[in-house]
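Colleague: I'd like to go through this one with you and hear what stands behind each label. Can you put it up?

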Amino acid sequence: MSMIKIEHLRKEYPNVTPLKDVSAEINKGDVISIIGPSGTGKSTLLRCLNQLETPTSGKVTFDGEVITDPKCKMNKVRQKMGMVFQSFNLFDNLNIIENIMAGPIKLLGKSRQEAYDEGMQLLRRVGLAEKAMNLPSELSGGQKQRVAIARAIAMKPEMLLFDEPTSALDPTMVGEVLQVIRKLANEGMTMMIVTHEMKFARDVCNRVFYMDEGGIYEEGSPKQIFYNPQREKTRIFIKRLKQLNLEIGNQDYDFIGFTSELDRFSRELMLSDKLVRNIQLVFEEIVSQNLVPYSEAYYNVYPINVVAEYSDSDESLWMNITYRGMQYNPIDGKEELSAVIVKKIAQDIKYKYEKDLNSLDILIKKPE
Ligand SMILES: Nc1ncnc2c1ncn2[C@@H]1O[C@H](COP(=O)(O)OP(=O)(O)OP(=O)(O)O)[C@@H](O)[C@H]1O
Ligand SMILES: [Mg+2]
């Protein structure tokens, strides 16, 4: 029997209807990643499930109980369905262990001692026992999120909902939070997680919901959705997820923008630091050190377009750099530093000039 049954769920706001007609069944032990473009109702779906929002119409049955029924006791439902937010939502004036004890004392009727003992055990599980007496403000983002997860588990939920649990974190802290979620998955916790971390979803989730056009537009196993999506919009979204795309229009290009795009890209694909460094190096040596000054001294080459595409199967990364102007290969036979550096990183380099367009394909080696 399914743990949750969603039937024709609809949520209207005055100006938009993010959920038009959503139906799905979630089984015990399912770990579902919810992906999709911004504004497609991913958060709204989670909020309608644990009734932070009241659906406009439709029915949600959880453990045999119709929770969309106004007579249903919502506190009880929320206790069985924990939620973890992007912004942690810890109580700032309570220390870590108090944050965890509050729910079990208030809502489960536990004694302080019992709540404390269980809370400490949970903190040990997420590796934060030594921070028990600290305030949230004394913790890093990754640590705060681990506390938020421990706090949700303290209520002994049957299911956990995560709304982009790692998107507010520095890249260095994403791993520690995903590791905690991974552990929960291994223990059989039923979870729905809004996340674009593709590699994580592939390793940990058994189902992926791609949301678009007011509902679950396509669903399947991570393999199906990430490697063989069937429908048009899913295809476009997945292709973008695997690509880094950048256009440089003039010498004053936004290199901070490049860094943050590269950041997003490497994080969603969980690329190794070394590979990210190599992408950065190729970009710096070819674009910043070569094409930009060349363009100033000789011919206008703008716009420069950079596309990087990662292939999980062999962990290779293709970078394609195109630019206008005369025929010019920046790494052709020269012993210039930039050419030497790029040749060291690259496994294969192809240059061509067609229809006034220079095109460089660089295959970056999987770092040892
Ligand atoms: N309380 C609200 N009042 C009015 N409109 C809302 C409300 N909450 C969300 N919306 C709108 O509903 C739509 C879906 O929002 P939702 O937050 O669910 O999208 P999302 O898929 O989670 O997006 P993101 O990826 O940016 O988090 C958006 O157009 C949003 O502006
Ligand atoms: Mg959202």
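Colleague: Which residue in strand 8 is the bridge partner of Leu 161?

Modeller: Met 192 is the partner of Leu 161 in strand 8. The chain goes from strand 7 through helix 6 (residues 171-186) to strand 8, a right-handed β-α-β crossover. Right-handed means that, with the strands pointing away from the viewer, the path from the first strand over the helix to the second runs clockwise. Bear in mind that this is a predicted model, where local features need pLDDT of at least 70, side-chain atom pairs count only at pLDDT 80 or more, and totals for chains, interfaces and linings use all residues. Residues are numbered from 1 along each chain as its sequence is written, with chains lettered from A and ligands numbered from 1 in the order in which they are written.

Colleague: What makes strand 7 and strand 8 a pair?

Modeller: Two strands pair if DSSP finds at least two bridges between them. Strand 7 and strand 8 (residues 190-194) have 5, so they pair, and they run parallel. Strand 6 (residues 81-84) also pairs with strand 7 in the parallel sense, over 4 bridges. There, Met 83 has Leu 161 as its bridge partner.

Colleague: How do you know that the span of helix 5 is close to the expected one?

Modeller: The expected span is 1.5 Å times one less than the number of residues. Helix 5 (residues 141-154) has 14 residues and reaches 20 Å from first C-alpha to last, close to the 20 Å expected. Helix 5 is also mostly covered, with 13 of its 14 residues buried. Just after helix 5, Lys 156 takes a positive phi of about 50°.

Colleague: What puts strand 2 and strand 5 at the edges of their sheet?

Modeller: That open sheet of 4 strands has the order 2-1-4-5, with antiparallel pairing. Strand 2 (19-26) and strand 5 (65-66) each have a single partner strand, so one side of each is left without a neighbour in the sheet. Further in, 5 bridges join strand 1 (residues 4-11) to strand 4 (residues 57-62), and Ile 4 stands opposite Phe 62.

Colleague: Why does Pro 18 count as buried?

Modeller: Pro 18 has 20 other C-beta atoms within 10 Å, and the cut-off is 20 or more, so Pro 18 is buried. Pro 18 is found in the loop between strand 1 and strand 2. Pro 18 and Thr 40 are 22 residues apart in sequence, yet 5.9 Å apart in space, C-alpha to C-alpha.

Colleague: How do the residues of the shell around ligand 1 divide?

Modeller: They divide into 3 nonpolar, 7 polar and 1 charged. Ala, Val, Leu, Ile, Met, Phe, Trp, Tyr, Cys and Pro count as nonpolar, Asp, Glu, Lys and Arg as charged, and the others, Gly among them, as polar.

Methods:
Helices (H or I, at least four residues) and strands (E, at least two) are DSSP runs, numbered from the N terminus. A residue is buried if 20 or more other C-beta atoms lie within 10 Å of its own, exposed if 12 or fewer, and partly exposed in between; C-beta atoms are placed from the backbone.
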